[in-house]
Amino acid sequence: MKKILVTGAVGQIGSELVEALRDKYGNENVVAAGHRTKPTEEMKEAGPFEFIDVLDKEEIESAVKKYNIDTIYHMGAILSATGEEKPQLAFRVNIIGLYNILEVGREQKLERIMVPSSIAAFGPDTPKENTPNETILRPTTMYGISKVSGELLGDYYFRRFGLDVRGVRYPGIISNKTLPGGGTTDYAVEIFYEAIRNKYYVCFLKEDSTLPMMYMPDAIRGLIELAEADINQLKHHSDFNLAAVSFSPGELVSEIQRIIPDFTCDYKPDFRQEIADSWPSSIDDSAAQDEWGWKPEFDLRRMTEDMIEKLRIKLR
Ligand SMILES: NC(=O)c1ccc[n+]([C@@H]2O[C@H](COP(=O)([O-])OP(=O)(O)OC[C@H]3O[C@@H](n4cnc5c(N)ncnc54)[C@H](O)[C@@H]3O)[C@@H](O)[C@H]2O)c1
């Protein structure tokens, strides 16, 4: 039976990943590890919970031993916008923290480590349209630098030590359960809350700033499918491009207005525009399709309808 540890479990992706993994492998077999933020009662009551600072290797190690862990989903990280405000912290958490996870994986002979990378691994020199899996990786943010390092480290640990490290380059993730934690695509979540509450939103990116995005159910399913893929079919390991849908704030506004016609949006780009401008607008994920059968289910319309339906219930 799998015994899984999820770091960053209280975050935007971690919180829903823990639920999905507990549904699949059993509540007791999935240990949720938060950092400082308290977990929901639901998360704590459903299964084991620990606090782990990934900068403390012993804390990781002792949880791995205590629960006999064989697989880590490492979701603990500092995201792009926060990373530009606190680059030293982003360096430590995203690079040293990952190094600690990989070292525990190597020493304890874990079966698998899952680590998300990001479209932030790309940079201004990368082709913007249909960005290939193999391309120029010269990011200009500390977050992006940490993600490229993570991909290279993951592949190094696989080649050098036989540790099975796998990861996807997530686009911006949209969800309705836990708020995002300081990324450049956070507008695409906030906008739904404000559309329902106030019918008005001020967007921190320009109206035509197109970025690759994905709805949370696809993001979770994709990561778990990659974890379960036959290793013999994989030519890539830590750096799979992953795509679902690309849209601009203006296109998202039009889609929301189909359901909430009196919703309006103004645009006041801030420092996050520069980060967005350094990223691709669409992604070629044919390697993920070919090597493990990746296929997204949600397009912009379906995602928008589902977000509004779920949030109307949540915000009632
Ligand atoms: N959300 C997105 O749009 C997106 C896009 C691309 C990639 N990703 C990647 O997916 C992963 C999860 O992201 P998320 O959106 O859930 O982020 P998040 O910010 O919502 O959650 C990250 C969690 O990491 C925790 N953390 C911070 N410092 C830590 C430390 N020292 N030790 C342990 N935990 C620590 C935080 O408390 C937080 O709960 C990250 O690797 C991120 O880079 C996310």
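How many residues of domain 1 are in contact with how many residues of domain 2? The points below take up this question and then turn to the sheets and salt bridges.

1. Basis of the note. This is a predicted model, in which local features need pLDDT of at least 70 and side-chain atom pairs count only at pLDDT 80 or more, while totals for chains, interfaces and linings use all residues. Residues are numbered from 1 along each chain as its sequence is written, and side-chain values use heavy atoms, with hydrogens and water left out.

2. Domains. The chain is assigned a domain 1, made of 4–171 + 216–241, and a domain 2, made of 172–213 + 245–279 + 298–314; such bounds come from an automatic or database domain assignment. Taken over C-alpha atoms, the centres of the two domains are separated by 25 Å.

3. Extent of the interface. To answer the opening question, 28 residues of domain 1 are in contact with 23 residues of domain 2, where contact means heavy atoms within 4.5 Å. The area buried between domain 1 and domain 2 is about 2000 Å², and carbon and sulfur atoms give 58% of it; buried area is the accessible area (1.4 Å probe) that two parts lose on being put together, summed over both. On the side of domain 1, the residues that lose the most area to domain 2 are Gln12, Ile119 and Pro171, which together account for 30% of what that side buries.

4. Polar and charged links across the interface. The rule finds one salt bridge between domain 1 and domain 2, a salt bridge being a side-chain nitrogen of Lys or Arg within 4 Å of a carboxyl oxygen of Asp or Glu. Across this interface there are also 12 residue pairs in polar contact, both residues at pLDDT 80 or more (a pair of N or O atoms within 3.5 Å; within protein, one must be able to donate a hydrogen and the other to accept it, and residues adjacent in sequence count only if both atoms are side-chain atoms). Helix H1 (12–25), helix H4 (80–85) and helix H8 (216–228) each supply at least two residues of the domain 1 side that touches domain 2; helices (H or I, at least four residues) and strands (E, at least two) are DSSP runs, numbered from the N terminus.

5. The six-stranded sheet. An open sheet with parallel pairing has the order E3-E2-E1-E4-E5-E7, and two strands pair if DSSP finds at least two bridges between them. Strand E3 (49–51) and strand E7 (165–166) stand at the edges with a single partner strand each, so one side of each is left without a neighbour in the sheet. Strand E1 (residues 4–7) pairs with strand E2 (residues 30–34) in the parallel sense over four bridges.

6. The three-stranded sheet. A further open sheet, also with parallel pairing, has the order E6-E8-E12, and its edge strands are E6 (117–118) and E12 (240–241). E6 and strand E8 (residues 168–170) pair over two bridges.

7. Salt bridges overall. The count comes to 23 salt bridges by this rule. One of them joins Lys57 and Glu61, with the closest N and O atoms 3.9 Å apart.
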